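Subject: Structure handover

Hello,

Here is the structure I said I would pass on. My notes follow below it.

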Amino acid sequence: MDQARTTAVVWFSITGHSQRVAKKLAEALNGDLIALHAPAYRPGVLGYMRAGFDSLRQKCDLAPQEFTSLEHYRHLVLCGPVWTSYPATPLRALLRSNIGLPPAVSLFLTSGGHSPAQKAFDTAEADLGRTLAATASLSNAAEQTETETDALNQFVSDVRAHGGTTLTPVS
């Protein structure tokens, strides 16, 4: 880990929407970009069906990861999709896991626009056992628009207000 980096942006994505947003967040926050591995969820009809079914059942098993702790960061930003009104199960699994997390955890969600984000944020806070430092959501339809830029910049500002890192505007 680069000593100057105090923020980790951990992302999960099947379609690439959340991955693209996570890359922008990591760049703006000067954070380490870390993929959350979830081999059970893959593109395609069966992968989406499994994701939806596991989300509805609230099955949150964390696959082995390349990291065992994230405690050495000051701030963790999770980025991923909303599935059936909940954060994607790999995100929930991390929040529920024994993996050490930093004091500040924030959540940026992407969605197809069918599920309101507030239920997902409330669920994530319940899984984490504490309040999220910052939250934001973005509909996939708003990608690469001014709405996206505004949402990313506001989120980065909110993370920074919680001691996340230096601020670099998203373009």
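Which residues do ring pairs link into a cluster? They are F12, Y41 and W83. Please keep in mind that this is a predicted model, and what follows was computed from it.

The aromatic cluster

The structure has four aromatic pairs. One of them is F12 with Y41, an edge-to-face pair whose centres are 6.5 Å apart and whose planes stand at 80°. F12 sits in the loop between β1 and α1, while Y41 sits in the loop between β2 and α2 (45-57), so this pair ties together parts that lie 29 residues apart in sequence. F12 counts as buried because its relative accessibility is 3%, and buried means under 20%. Y41 is buried too, with a relative accessible area of 11%.

F12 also pairs with W83: the ring centres are 5.8 Å apart and the planes are at 80°, so this pair is edge-to-face. W83 belongs to strand β3 (residues 75-83) and F12 to the loop between β1 and α1, so here the parts tied together are 71 residues apart in sequence. W83 is buried, at a relative accessible area of 11%.

Strands β1 and β2

Strand β1 (residues 7-11) and strand β2 run parallel and are joined by four bridges. From β1 the chain passes through helix α1 (residues 17-29) to reach β2, a β-α-β crossover that is right-handed.

Strand β2 covers residues 32-35. D32 and I34 make up its covered face, and L33 and A35 its uncovered one. As background, side chains in a regular strand alternate between the two faces of the sheet.

Helix α3

Is helix α3 (residues 89-96) largely enclosed or largely open? Seven of its eight residues are buried, so the helix is largely enclosed by the rest of the structure. The buried residues are T89, P90, L91, R92, A93, L94 and L95.

Regards

Methods. Residues are numbered from 1 along each chain as its sequence is written. This is a predicted model: local features need pLDDT of at least 70, side-chain atom pairs count only at pLDDT 80 or more; totals for chains, interfaces and linings use all residues. Side-chain values use heavy atoms; hydrogens and water are left out. Buried means under 20% relative accessible area, exposed over 50%, partly exposed in between (1.4 Å probe, protein chains only). Helices (H or I, at least four residues) and strands (E, at least two) are DSSP runs, numbered from the N terminus. Two strands pair if DSSP finds at least two bridges between them. A crossover is right-handed if, with the strands pointing away from the viewer, the path from the first strand over the helix to the second runs clockwise. Rings of Phe, Tyr and Trp (its six-membered ring) pair if their centres lie within 6.5 Å; planes under 30 degrees apart count as stacked, over 60 as edge-to-face and the rest as tilted.
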